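Reader: I've got a model open and would like to talk it through. Could we go step by step?

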Amino acid sequence: MFATATKPSPFRVIEDLGQWIARITTVLADAMNAYHVYSRLSGLSASQLAARGMTREDISRATLEALDGRRF
């Protein structure tokens with residue numbers, strides 16, 4: 001009797017699916033950005049890192065900041 005009243009509309013289901021895909025895409029983009037930050041920085045020598053005001057220990061901080069969505 002109440003099954004049709006509690007069933008979400010097809011438009012709502014499509015909208016929710018679209019929002020889910022958008023969130024997943026954002027997470028994947030942030031992860032790829034963090035990977036590129038790590039790859040770029042880990043390939044630098046200690047003197048190249050020092051020229052940027054960084055040490056090897058700062059690479060993980062920069063990678064985590066990229067995961068938070070901040071651009072390095």
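Reader: Is Ala-31 buried, partly exposed or exposed?

Author: Quick caveat before that: this is a predicted model, where local features need pLDDT of at least 70, side-chain atom pairs count only at pLDDT 80 or more, and totals for chains, interfaces and linings use all residues. Residues are numbered from 1 along each chain as its sequence is written, and side-chain values use heavy atoms, with hydrogens and water left out. Buried means under 20% relative accessible area, exposed over 50% and partly exposed in between (1.4 Å probe, protein chains only). Ala-31 has a relative accessible area of 34%, so the residue is partly exposed.

Reader: Fine. How many helices and strands does the protein have?

Author: Helices (H or I, at least four residues) and strands (E, at least two) are DSSP runs, numbered from the N terminus. The order from the N terminus on is α-α-α-α. That comes to four helices and zero strands.

Reader: Which residues of H4 are buried, and which sit on the face turned away from them?

Author: H4 covers residues 57–67, and its buried residues are Asp-58, Ile-59, Ala-62, Thr-63 and Ala-66. They span an arc of only 145° around the axis (taken from the directions from the helix axis to the C-beta atoms), so they lie on the same side of H4. The face turned away from that buried side carries the exposed Glu-57 and Leu-64.

Reader: Which helices do those buried residues of H4 pack against?

Author: Contact here means heavy atoms within 4.5 Å. By that rule, the buried residues of H4 pack against helix H2 (10–42) and helix H3 (46–51).

Reader: How are H2 and H4 oriented, roughly parallel or roughly antiparallel?

Author: Axes are lines fitted to C-alpha atoms, for helices over the stretch in contact, with angles from 0 to 180 degrees between N-to-C directions. The H2 and H4 axes come within 8 Å and cross at roughly 160°. Angles under 35 degrees count as roughly parallel, over 145 as roughly antiparallel, 65 to 115 as roughly perpendicular and the rest as oblique. H2 is therefore, relative to H4, roughly antiparallel.

Reader: Which H4 residues make the contact with H2?

Author: On the H2 side, the contact involves Asp-30, Ala-31, Asn-33, Ala-34, Val-37, Tyr-38, Leu-41 and Ser-42. Their partners on H4 are Ile-59, Ala-62, Thr-63, Ala-66 and Leu-67.

Reader: What about Ile-59: buried or exposed, and which residues does it contact beyond its sequence neighbours?

Author: Ile-59 is in helix H4 and has 4% relative accessibility, so this residue counts as buried. Its C-alpha is 6.5 Å from that of Tyr-38, 21 residues away along the chain. Leaving aside neighbours within four places in sequence, Ile-59 contacts Tyr-38, Leu-41, Ser-42, Leu-49 and Met-54.
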